[in-house]
Amino acid sequence: MIEILIMIAVVKMFTKKAEEKKLSKGLWGFIGAASYYIPVLLVGFLILPNLVENGTIEVKSEMDGMIKGVLISVGVGAIGCVIAYQILKRQPDAISEDNKVLDQE
């Protein structure tokens, strides 16, 4: 549930920044969602269970495992999101038709 709320905030953040830069809000909203949710899924379903099974991450109870899983997954998702957001911020603003300079001879 918390991941869905975070993803909604991430998509809003990405679409707002894309709108400011006059870039595709849909594309950047999708990139923002994917940059958060793909790492969350990879860690939650592939990496974290192996780390718990190998004993790398010690789990004392079911609740302890759930809390650690959520914190690690959200943390990794946040890192992916920050990286993608930095890429978005570095994108040049789209040039509108009004600002184009025509080659005049």
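## Basis of the model

Contact here means heavy atoms within 4.5 Å of each other. The structure is a predicted model, in which local features need pLDDT of at least 70 and side-chain atom pairs count only at pLDDT 80 or more, while totals for chains, interfaces and linings use all residues. Residues are numbered from 1 along each chain as its sequence is written, and side-chain values rest on heavy atoms, with hydrogens and water left out.

## Overall fold

The chain has three helices and zero strands, in the order α-α-α along the sequence. Helices (H or I, at least four residues) and strands (E, at least two) are DSSP runs, numbered from the N terminus. The radius of gyration, taken over C-alpha atoms, is 19 Å, well over the 13 Å that the globule rule gives for 105 residues, so the chain is more spread out than a compact globule. That rule is 2.2 Å times the number of residues to the power 0.38. Along its principal axes, the C-alpha trace spans about 75 × 25 × 15 Å.

Of the 105 residues, 25% are buried, a term for under 20% relative accessible area with a 1.4 Å probe and protein chains only. Among contacts with a separation of 6 or more, 69% join residues 24 or more positions apart.

## The nonpolar core

A nonpolar core is a set of buried Ala, Val, Leu, Ile, Met, Phe, Trp, Tyr and Cys residues joined through side-chain atoms within 4.5 Å. The largest one has 13 residues, and F14, W28, Y36, C81 and L88 have the most contacts inside it. Helices α1 (2–20), α2 (25–54) and α3 (62–90) each supply at least two of its residues, with the largest share, five residues, coming from α3.

L88 is in contact with F14, K17, A18, K21, L23 and W28, leaving aside neighbours within four places in sequence.

## Helix α3

Helix α3 has 29 residues and reaches 42 Å from its first C-alpha to its last, close to the 42 Å expected at 1.5 Å a residue; the expected span is 1.5 Å times one less than the number of residues. Its buried residues are G69, S73, V74, G77, G80, C81, A84, Y85 and L88, and these pack against α1 and α2.

## S35 in helix α2

S35 lies in helix α2 and is buried, with a relative accessible area of 13%. Its side chain reaches the backbone oxygen of G32 at 2.8 Å. Not counting residues up to four places away in sequence, S35 touches F14, G77, G80, C81 and A84.

Conventions: Buried < 20%, exposed > 50% of the residue type's maximum accessible area, 1.4 Å probe, protein only. Polar contact = N/O pair within 3.5 Å; in protein donor to acceptor, adjacent residues only side chain to side chain.
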